[in-house]
Each structure stands twice: as structure tokens, then as C-alpha cells.
Amino acid sequence: MAASSPMINIFEECQETKLSHERLCDSLLALYKQMPFSHFAEEFFELCRYSLVSSERSTYRECTIDFIVRFVIHATNQTSTSGTEETTKKRLLIKMFLFCFKYHECADPAPRFRCTQLISKLLRVMDPQSCLPMELFDAIRRVLLQRSQDVKRSVRIQAIYGLARLQNPLDKDCPVVAALLWLARHDKIPEVRHKALVALILTTVTLPYVLERCRDVSKAVRKAAFGILTERSVLRPLSIAQRISIIQDGLTDPSSEVQKAAEGLLRAWFEVADEDPILLLRRLDTEGVPKTSALCLERLLLILGEEALTSMINKWTTGYLDERHLPRQETCSVECVFFWRVVVEHLQQWSEESNSSENTRLSRHQASALLESMVPSVEDYVNFVTQRVNSLLELLCADVDYNENMVEAECVLEHVFEFCDALDLSDEFGRRRLCDALRGWLVSPKVPPRLVGPLLARCFHLNPNVRSCVQMVAESISELLDLAEEACSPAEQSAGSQEMRSQSTEKRGGTTSGHWTNRPSSNTARQKGDDQPKANKRSLHDKVSQLRMQINELNASILKSIDAGDYERAATLRDQCARLEEERTALGQQISGVDSGRSFPTNAHSPLLVSIKDEPDAIEIIDTEEEEEEEDDDQIAVPHLKLIQAQLRYLGRLPSDVILKANKMVLFTLQKSSTLWCLPPSLRSLVYSILLPSIQHQDFVIRKEALLALGLTCTMDLALTKQYLSLFYEAIKFDHKAIAVTAINCLVDIFILFGLRPFLTVAETLDGAQCEITDLILLNTKETSRDANNSNENVHLSLRLLSPLLRFLDVELPLKKEPPKLFSHKLKKQISFNFVSMPAKE
């Protein structure tokens, strides 16, 4: 080849800049037409080989590759218009592909990279209407599929560029689509996964894999996945679960770039829903997953412009609110009330922030103006909520099943109650009326248990004093049970008692030495009291409830004084309790004409007698009247046991919904009382009157709520925890799986808070640990002076306490080389014991 060849000069000049490529292509095309094809091809491909020797991404090498590709396509297009035969006009293009096939399997990665790059660039630059011979197409696809599995990431990326042009989205079994999906899911390099994901054409086949990449470990891949979904505005092909999953993951992503991409997808969904927020919320599960819907609305309010946001709120206000700024009856759906609550909350935040805040789209004046058109008065709000509650009670009283209409009505009421936080409560009259309404719904046996959380949350919001709220809840529970008992007919009460007696008889083998004693009935006398004015009767009931709470608190104080050895104070409290009991009996006679009070012993102390039989779904209630008679003969009083036995008989006559509601009230109160470091007397009395009897109820939902509430009370009182710790172990061993999980969570919290040492004495009453103690030694790192005998005893007792937890750990005993691995990092950090392996026995 001559050193001063014109073709060499053209190749040298094309490396400098791409601006001269068009002129150089015309010059090289003139040589192509003048020279015989064989001579031109020999010299041309000889110069092309110099571009394959290095994979360095330098400017002059990239310019050379681009020039080669541009000239081949230019020469092919020019010969196509000259009227020559099909094979002749594409022979340079075919020769170029064959040239790349020749060197694509070299051991050196540089030729593999350049050959794959040339093939991918040729495919991308070719006209969409161009055709290739079938044999050549199969060969190109085979080569690119082979290079897609190359060990070099750069080669795989270039192969992906070429495969993107060869995929057939209409073919479900297309090998190119399968290769791209494999690379997008399984390649170890994030850049390769990103390129493969972008190269895919979105179809019903590839959509699930794109959704899967929304949770990729690389933020670039996640961002690309959201970008693909945004570009196509994918909403209808997705299920509700998929929509919630991807938008929740995207808007809460740690990367701000991914969050912006998810916001773009949310904006695309909003446009698909005709910019109607109610339609958008209907595409999500607002009723089941309100947190995701609230997150979407929050971001939507931030990404919309000022004009679009104001127009959307005004349009919604005109279409869904009446003149009192309340939702219309025909449009009062879950989505409507949810949007109403969330928008008002954010408008209030914006009205309180400064105008220079970057997180707001509206000024303080604009936010206040919108609030005036959306927030009703307290009086109108109470009337609206009362109307909604009455409609729900009508549905519940109707002889129909618990269908979707009731679930929707309850969900609407939940959001309406939460809207209460946005009201202006400066009106004292409206505030008192609201408090009275909330208290009335709490004590009403007809209001379902699901509304306990929103109702109590509003009560705690209106009264920030925790102790007074706790006292109010205790009185409300007592009044709730009294009203539920009055609502039950005598036939229902006797049926409930007979059912509990039959259940106890069956579980004890069909016979029993005792029988259930019903609470003194006062139905005949109550009929006489029905002629009294309702207001006077209600006030008497309130006084009886307050006296009952005071009596329960005094009983708890008496037991505490006896445990502390202060018998003088216990005697004084006993006299006070007797006086209150007489006063309560007198009030009961005023209401019903007979003695309707229940008096409980107020001295001595005894643990709870509870037995959980070997049944998966029920806890047996032991009929202990025979034991009571024996103890009475021996003049031994058991106040805890007698109180619980009386409450068992009392609660047995009440509906399950009422008992569940009472337990939910106790549980919510404990969860909201985070500032209480000790158990107040009112809550302590509820342990014996509500929680412990409910743990033995037939319904496992009630048992679960009661056990969880008992676990929370145990975190406030170490003595109470020691007394009833065995209940959690029995629930783990014999009760329903859901209750067993709750019991394990309670035990973990108790051990983290108090440690294991206070419960070593309790562990003596538990079953032996199922571990090889000779192969496992637990050493306390803080105490090294303890003798071997005490240490071994504590080891046995500690293992008894931890045995329910160790059963769920992947521990192989006996230990040989490695200590067991605690999967719970929280438990591993808190428990101050080390697992040490011992030499194997000979």
C-alpha cells in the first residue's frame, strides 16, 4: 500500500474532527466508484483493522469508527439509487458485517469491543425500512447474543445497543428480549443493567420486569425504571397492589433523583386521571393503605404549580362541598373525605409558614383564603358527624351481613374524626358539645370497635392531660359495660351464661363440681326504674361508674399496702372502700329498686388461677367455685381471683363487640400514655376487671388485644410482670399463632426493659429448657466472682426464660466451633449474655 495513498490521507484527516466527515465521505465514495470493488475492499478493510487494535475511548479513535460507519451507510444508500441489483448495492455493508464476524471472537478484548461497536452502530444508523438477508440477520443476532455474555462490561453494553434494534416485541419467545431481560435482572454491573433496561420495549411481557427494577440496588437503574413508566404513563395495566408498591417505594427512596422520577410518574398518573384527585385516589387503595395515598397527595400538592393547585382545589370545593363547607351526602366517599382532610392539614401548615418557605406553593394569604372555603364550624361539624354515625348504626342494626357498605361507612367516619384536629376549637360551646359527643360514642355499645382509635385520639387531642384522660377512659369502660348489660335481654343474658357453663363443662370432661352463678338480676326492678327521667337516670349511672372506679383503685391500693407490709394503711383503705360500697349500693337501689351492686373482697393477695389447655384456638376458663367454697371455709380470701371470676361471669353475658371495644380502649390508652412511667390505679384496676378476664375469652381477637394490652401494662410495673409472666409462655405454647407472636413480642420488650435477672425466680415454675446445658454456658460479663453452682443454676433458669425465643432461631446444639447467631439484633444487643462453646466430650 503506497504511503501517499488518497485513502490513507482520508483516514488520517477523519480523525481530527467530525465536521469534515461529510466531505471526506464524498471523496472516498468517488474512489469507491472509480476502483474495482475487490481492490477498494482490500485497501479499505486493511485500514479498518488499525481501528480494532485498541479499546481506548479516545477522540481520534471514536472519530474513525464513526467515519467508517457513516461511509458504509452513505455508500450503500448511494448505490441503492443507481438502479443496480440488490446484492451489488449492499455488498459493502454485507462485507463490513462479515469483517466484524471474523474478529469478534479474538482473545484480546479490544477487537471484540470494536467489532461489537461497529455492528451496533451500523444497526442504529441503518434506515428503519432497510432489509437484510435472512442468513445475515441470523448471523448478526447470534454474534450479538454471544457478545452479550462477554466478560467485559464494555462489550456487553455495545451488544445491548445492537440487540435493542433486533428485538421483536410481538414475539413472546423472542431470544433477544429474553437476553435483555436476563441482563437487566442478573448482571452484576449496574451500568449494564441500566442499559439493558433502557433498551427494552415496554410490553405486557416486559412490564413485570420493569416494575421489578424499581427496587434495584442501583439508584440509576431505579431511576431508569421510573422514567420508562413515566414515558408511557403506565397506570391501567397495573394492579392496585403494584401501583401502591412502586409509588410508595419511589416517593420514599433514599435517593433524591429517584424521588423526582417517582414524582414524574405521579404527575403522569394525575394527568391520566383527567387531573381529578378523587379519580387518582380511586386508582389507589385509599381505604386499605391510607399512608400511601396521603404520601401521594402530599407530593402532588408540592409538584403542582400555584395556578394548577388553586384551580384543582377550587374545582373540588365546588363539586364536593355544600354551603356549610361539608361533603355532600351523594359525594361523601372515602376518597372525598380523605382528600378533604389531607388538603386542609397542608393548607394549615402553609398558612403558618412564612412566604419564603421553599416547601410551599401558595402564600399565607392564598392558603388562608382556601381554608375559609373548606373548614366548617364546630357546630356544623358535630351535626355532620352525628348524622354519619347514625347512618352507620342504622346499617349495623339492619338484618344484613357485615358487607362493604359498612366497611366504607366506618372508614369515612375514621377520616371525619381525624379532620377534627383541623377545626378551630376556640368556641367553648362547640368544644364542649364535641367532647360530649365523643364521650357518648365511646360508651355506646352500638358504635363498632373499629372507631375506638379515632375517637380516643380526638379525646387525647382535646385533653392533653394524660392522667385525666386515663381516668376518663376507665369511667367510660365501666359505663360502656353497664349500658351493654342493660341493652341485653334476660334471654340473651341467660343464654350467654349457659353457653359459658357448657363450654367449661365440655373442656373439663363433661362434668363439673361447681356451677356459674349469675350476677344478681334486676330486670324486674329495672322496669320500675324506667319511669324515671332519662337525665336523672343517666347521672345516677355516671355516679355509680365513678364509685366503681374508686373502689377498684382502693382495692389495688389495699393489695399494694399488704405487699409492702403497711397493714394499718390497708385497714384504713378497707374502711373507705366499705363506705364507698355502701354508697354505690344505695345508688343502685335508687336506679333499680334492688341491690344491683357487686362487692368484692378487699384483703389478702393471691395469684391468678388461669389454665390454658392443649387446644389451638381457645383458652379454658376454669370453674373455680369449688375452690372458692373451700377457701371460704378456711377463711382465706383471694381478692384477685374472686374479682376476675366475677368479671368472667359478668363479661360472659355481654356481646363480644363490647368486650373487644373495651379492650381496644385500654390498649389505645396505654399506647398513647407514653409519659406514664408507673401504672396508675385506674389502669391497674382495668387489668383485673377487663384484661385478665378477656385473655380467657372464646374469641381469639379479644384474647390478642387483651394480651397485648397486658404486655404494655407489664412494662410499667415489674411486680405485675413477675405475677403474670407465665401467661405469655402459656399463650406461646398452647394458643393461636397470632397470639403466640404477640406474646413473643411482649416478652422481648419485657426482657429488654428489665433484663433476665428479676425473673429468675419465676423461671423455676416454667418447663425445663430444651437445650444441652453441658454444651452451652452463658457467662455474665459484668459479674465474674459468682461461684460455679450459682452460675449453673442461673444458666438453667435463663435458658428456661429464653427457650421460646431460641426455638425460632437457627441454632445447632451442641455447639462445636461457632456460637449461635441471634437473628434479632435488638435482642442480641440488649441481653448481656455470651454464648461460649465448650470442648466436646470424649
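Predicted model: local features only at pLDDT ≥ 70, side-chain atom pairs only at ≥ 80, totals over all residues.

Biologist: How many helices and strands does the protein chain have?
Modeller: The protein chain has 39 helices and two strands. Both are DSSP runs, numbered from the N terminus: helices are H or I with at least four residues, strands are E with at least two.

Biologist: And what share of the residues is buried?
Modeller: Of the 842 residues in the protein chain, 51% are buried. Buried means under 20% relative accessible area, exposed over 50%, and partly exposed in between (1.4 Å probe, protein chains only).

Biologist: Now the helix pairs. How do α6 and α7 pack?
Modeller: Helix α6 (residues 91-103) and helix α7 (residues 109-125) pack at an angle of about 155 degrees, and their axes are 8 Å apart. So α6 is roughly antiparallel to α7. Angles under 35 degrees count as roughly parallel, over 145 as roughly antiparallel, 65 to 115 as roughly perpendicular and the rest as oblique. Axes are lines fitted to C-alpha atoms, for helices over the stretch in contact, and angles run from 0 to 180 degrees between N-to-C directions.

Biologist: Which residues make the contact?
Modeller: From α6 they include M96, F97 and F101; from α7, among them are R112, L118 and L122. Contact means heavy atoms within 4.5 Å. The residues of this α6 and α7 contact divide into twelve nonpolar, no polar and one charged. Ala, Val, Leu, Ile, Met, Phe, Trp, Tyr, Cys and Pro count as nonpolar, Asp, Glu, Lys and Arg as charged, and the others, Gly among them, as polar.

Biologist: What about α9 and α10, at what angle do they pack?
Modeller: Helix α9 (residues 153-166) and helix α10 (residues 175-186) pack at about 140 degrees, with axes 9 Å apart. That makes α9 oblique to α10. I160, L163 and L166 of α9 meet V176, L180 and L183 of α10. That contact has six nonpolar residues, no polar and no charged.

Biologist: Switching to loops. Where does D274 lie?
Modeller: D274 lies in the loop between α15 (256-272) and α16 (277-282). Phi of D274 is near 60 degrees, a positive value in a residue other than glycine. Most residues other than glycine have a negative phi.

Biologist: Is D274 buried or exposed?
Modeller: D274 is exposed, at 58% relative accessible area. E275 lies in the loop between α15 and α16 too. Phi of E275 is near 55 degrees, also positive. E275 counts as partly exposed, at 46%.

Conventions:
Residues numbered from 1 in each chain as written. Heavy atoms only, no water.
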